[in-house]
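Please keep the model open as you read.

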Amino acid sequence: MSRKWLEKEGLRWVERDIVTREQYERILLLYEDKKHAIGILPILGSILVGLGILSFVAANWQDIPQLARLAMVILLMVSFYGGGEVFRRREHEKLGTALTALGYISFGAGIVLVGQMFHLVAYDITSFVIWGTAGILLTYIVRSRFIYLLSLLVFTIAQYYSTTEFHQFSYAGFALMIAGLGYYAWKNQSTLLTWCFSLSYVLHCLMLVLDNEWKFLWFFVPLMALYTVGDWYKDRSTGYALQSVPLAAAFIFGIVMVLSWDNGPSDRNELLAEPLYYITALVVLFAASVAGKLMNKRNSSTFEWILAVPFVYLPAGISVLYLLALFFFSFYVLWRGYIEEWRFKINFGTVLFICSTMVAYGKLTWDFMDKSMFFIIGGLLLLVLSWFLNRRNKKFLEEAKGGSHHDQ
């Protein structure tokens with residue numbers, strides 16, 4: 001919970017006689033300011049030191065004897081890991097985590113530098129998978145969100161490198177990331193980690209489909225599988241963090257279909273998966289998703305599946321249907337945000353509605369309107385919509401009794 005939010009909302013509780021002034025001050029003492037800005041300095045310092053070490057070693061690497069190079073890599077790694085453990089035991093958690101992160105960075109840099117030193121040729125990303133796996137182990141040992149995010153970044157960059165340089169998707173790396181980092185995010189119910197994992201997962205799925213040159217609609221099967229998993233989360237904030245990225249990706253796909261679809265046969269050939277297998281897979285996922293929603297009493301969120309409806313199989317009216325789906329989904333998110341008094345959902349729905357409006361505006365006016373007038377009118381429309389919706393959101397949240405329990 002944010003102390004700043006608590007200070008603001010607490011004063012409203014005092015004004016409404018929900019708590020006394022004395023109780024308000026005692027509650028604030030339970031959430032004393034931990035000076036997060038100072039706490040993050042060791043993390044930032046570790047990044048700068050790591051970059052400095054890497055640049056120094058890279059600049060002088062050729063002048064250092066091979067045995068000295070190997071000893072330097074091992075010494076740096078052991079020193080950082082040892083220093084991190086010492087400081088954590090002395091309850092300097094941030095500094096200890098920063099040093100451990102430097103040890104992890106040194107380990108990965110050592111893999112690359114040793115490979116160059118002995119002229120080892122790689123035909124896959126096995127070394128990067130080992131680096132990422134070491135990050136997973138460190139995450140469970142140290143229980144650090146920073147090291148978790150570093151490990152996730154290593155797996156994501158490694159997968160991109162594999163698909164672009166070696167033209168092969170690393171299933172081993174993908175599976176390890178899901179099993180290790182996905183389970184950690186689920187176990188800890190962290191909204192931040194779940195968001196980041198969801199984003200990495202979606203990027204991996206996109207690379208999987210593109211690298212194997214599958215029909216693009218297959219991208220929605222793993223996408224909606226992740227969404228379905230979110231329906232089985234009891235904690236709504238964490239579940240929605242898992243689902244937001246798949247929904248955003250589906251929303252972007254809808255925008256592309258509205259703006260670029262021209263019913264050309266070549267477009268269909270690149271998009272359309274085998275209807276029997278694809279629709280069957282979606283129906284199975286839909287059934288599992290609905291079961292999770294019913295179990296957790298979130299029946300109304302079934303409407304979110306409108307973004308996954310494959311209108312592209314229809315013979316005509318595809319762009320119009322996708323545009324309607326964008327608007328309906330935007331209205332739904334706004335409506336649920338107001339019902340749940342959830343600020344994040346209200347803001348998210350506001351952004352989606354503005355995007356849908358601008359997409360419709362562009363689709364309808366781009367071909368016949370003067371381009372300067374197009375941008376002027378579009379800008380004015382965007383400003384008016386933003387002002388109106390933000391004013392409406394602010395008024396609603398101020399009138400909500402007891403504040404918003406979902407306020408993020």
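The points below cover helix packing first and then helix lengths and ends.

This is a predicted model, in which local features need pLDDT of at least 70, side-chain atom pairs count only at pLDDT 80 or more, and totals for chains, interfaces and linings use all residues. Residues are numbered from 1 along each chain as its sequence is written, and side-chain values use heavy atoms, leaving out hydrogens and water. Helices are DSSP runs (H or I, at least four residues; strands are E, at least two), numbered from the N terminus.

**H6 and its partners**

- Helix H6 (residues 93–117) packs against helix H7 (residues 126–142) at about 165°, with the axes 9 Å apart; axes are lines fitted to C-alpha atoms over the stretch in contact, and angles run from 0 to 180 degrees between N-to-C directions.
- That angle makes H6 roughly antiparallel to H7 (over 145 degrees; under 35 is roughly parallel, 65 to 115 roughly perpendicular and the rest oblique).
- The crossing of H6 and H7 is right-handed, meaning that the near helix is turned clockwise from the far one by less than a right angle, whereas anticlockwise is left-handed.
- In this contact (heavy atoms within 4.5 Å), H6 residues including Tyr 104, Phe 107 and Gly 108 meet H7 residues, among them Trp 131, Gly 135 and Leu 138.
- The residues of the H6–H7 contact divide into nine nonpolar, six polar and one charged; Ala, Val, Leu, Ile, Met, Phe, Trp, Tyr, Cys and Pro count as nonpolar, Asp, Glu, Lys and Arg as charged, and the others, Gly among them, as polar.
- Helix H5 (residues 66–89) and H6 have axes that come within 7 Å and cross at roughly 160°, so H5 is roughly antiparallel to H6.
- H5 passes H6 in a left-handed crossing, and the residues of their contact comprise 14 nonpolar, nine polar and three charged.

**H11 with H14**

- The axes of helix H11 (residues 220–231) and helix H14 (residues 275–295) come within 8 Å and cross at roughly 10°, which means that H11 is roughly parallel to H14.
- Among the residues making this contact are Phe 220, Met 224 and Tyr 227 of H11, and Tyr 278, Leu 285 and Lys 293 of H14.
- By class, the H11–H14 contact residues are ten nonpolar, three polar and two charged.

**Helix lengths and ends**

- At 1.5 Å a residue, the 25 residues of H6 should span 36 Å, and the end C-alpha atoms are 35 Å apart, which agrees; the expected span is 1.5 Å times one less than the number of residues.
- H6 is followed by His 119, with a positive phi near 55°.
- Helix H8 (residues 145–166) has 22 residues that should span 32 Å, in agreement with the 31 Å between its end C-alpha atoms.
- His 167 follows H8, and its phi is positive, near 55°.
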